[in-house]
Amino acid sequence: MKAVILVVEDDSQIRRFLRATLAAEGYLFHEALTATEGVAQAASRQPDLILLDLGLPDRDGLEVIRRVREWSQVPILVVSARGQEKDKVAALDLGADDYVAKPFAVGELLARIRAALRRSAAMAPDGSGTVFRFGRVEVDLDKRLVKVDGREVHLTPNEYKLLQVLIKYPGKVLTQRQLLNEVWGPNHTEQAQYLRVYVAQLRRKLEIEPARPKHLQTEPGVGYRLVVER
């Protein structure tokens, strides 16, 4: 089945470009020109993914994220000219899955769409078990067992909890605030140094080249993501 993508964008030229690009990749396409229409179409059409501009004519696109997240976990990929870190963090904290700044490279946008759709499909229960793999790492979530190249690796409780949260959202950018809240609790959401220390420790234990991590990647000024592709 073809994935259905809802584009919430008021710029007609960008909509035409996205329509042609997505159609060429085999996606079905619906569009909305305002935030109000975007929320309504998200509810009525039940898309597989939403491409969302933040600078909409009737209200801020952040309100679309907030409204949709009240009832749906559909992947939301923000595509906006507002590329400052504070805008990215605000969108991701509200529940967006990823952020691409305009002007964007077509190849990057399509790769982010594919990654978000894969993550969404992987989150659906399919009875495939509780072993998660990326690169040379294997994590048995039931046994809380981590192996690298078949050898067991000891993680501290907080290291394992951080890895578990990243595994829960593979490919998704998680802000520092989101990670700190899930691992250490709401009283520690400003303690960014915790993350730097524990991410560095995980990289030393799991990455081939900790200084050039392939899987535990930093999104500068925003947070981290777990890249699962080999």
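What volume does the second largest cavity have? About 40 Å³. Before I go on, the ground rules. This is a predicted model, so local features need pLDDT of at least 70 and side-chain atom pairs count only at pLDDT 80 or more, while totals for chains, interfaces and linings use all residues. Residues are numbered from 1 along each chain as its sequence is written, and side-chain values use heavy atoms, with hydrogens and water left out.

We work on a 1 Å grid over the protein atoms alone. A cavity is a set of points where a 1.4 Å probe fits but cannot get out. A pocket is an open set with protein on both sides within 12 Å along at least five of seven lines. Lining residues have an atom within 4 Å of a point. Points are joined across faces, edges and corners, and a volume is the space filled by probe spheres set on the points.

Back to that cavity. Its lining is V7, V8, E9, I14, L18, L51, L52, D53 and V79. By class, that is seven nonpolar, no polar and two charged residues. Nonpolar here means Ala, Val, Leu, Ile, Met, Phe, Trp, Tyr, Cys and Pro; charged means Asp, Glu, Lys and Arg; the others, Gly among them, are polar. β1, α1 and β3 each supply at least two of the lining residues. Helices (H or I, at least four residues) and strands (E, at least two) are DSSP runs, numbered from the N terminus.

Next, the sheet. Five strands form an open sheet in the order β2-β1-β3-β4-β5, with parallel pairing. Strands pair if DSSP finds at least two bridges between them. The edges are β2 (28–32) and β5 (98–101), each pairing on one side only. From one strand to the next, the twist averages 20 degrees. Strand β1, residues 4–8, pairs with β2 over five bridges, in the parallel sense. V8 has its bridge partner in β2, and that partner is A32.

Helix α3, residues 61–68, touches β3 and β4 (76–80), at about 160 degrees to β3. Contact means heavy atoms within 4.5 Å. Axes are lines fitted to C-alpha atoms, for helices over the stretch in contact, with angles from 0 to 180 degrees between N-to-C directions.

Aromatics. Rings of Phe, Tyr and Trp (its six-membered ring) pair if their centres lie within 6.5 Å; planes under 30 degrees apart are stacked, over 60 edge-to-face, the rest tilted. The count comes to four pairs. Take F17 and F104: centres 6.2 Å apart, planes at 45 degrees, so the pair is tilted. F17 lies in helix α1 and F104 in the loop between β5 and α5, so the pair ties together parts 87 residues apart in sequence.

Last, the α5 side. The largest cavity holds about 50 Å³. Its lining includes D97, D98, R112, A115 and R225. α5 gives the most, four residues.

The second largest pocket has about 240 Å³. Of its 13 lining residues, A115, R118, G171, V228 and E229 are the closest to its centre. Two elements give two or more residues: α5 (106–123) and β12 (223–226). The largest share, five residues, comes from α5.
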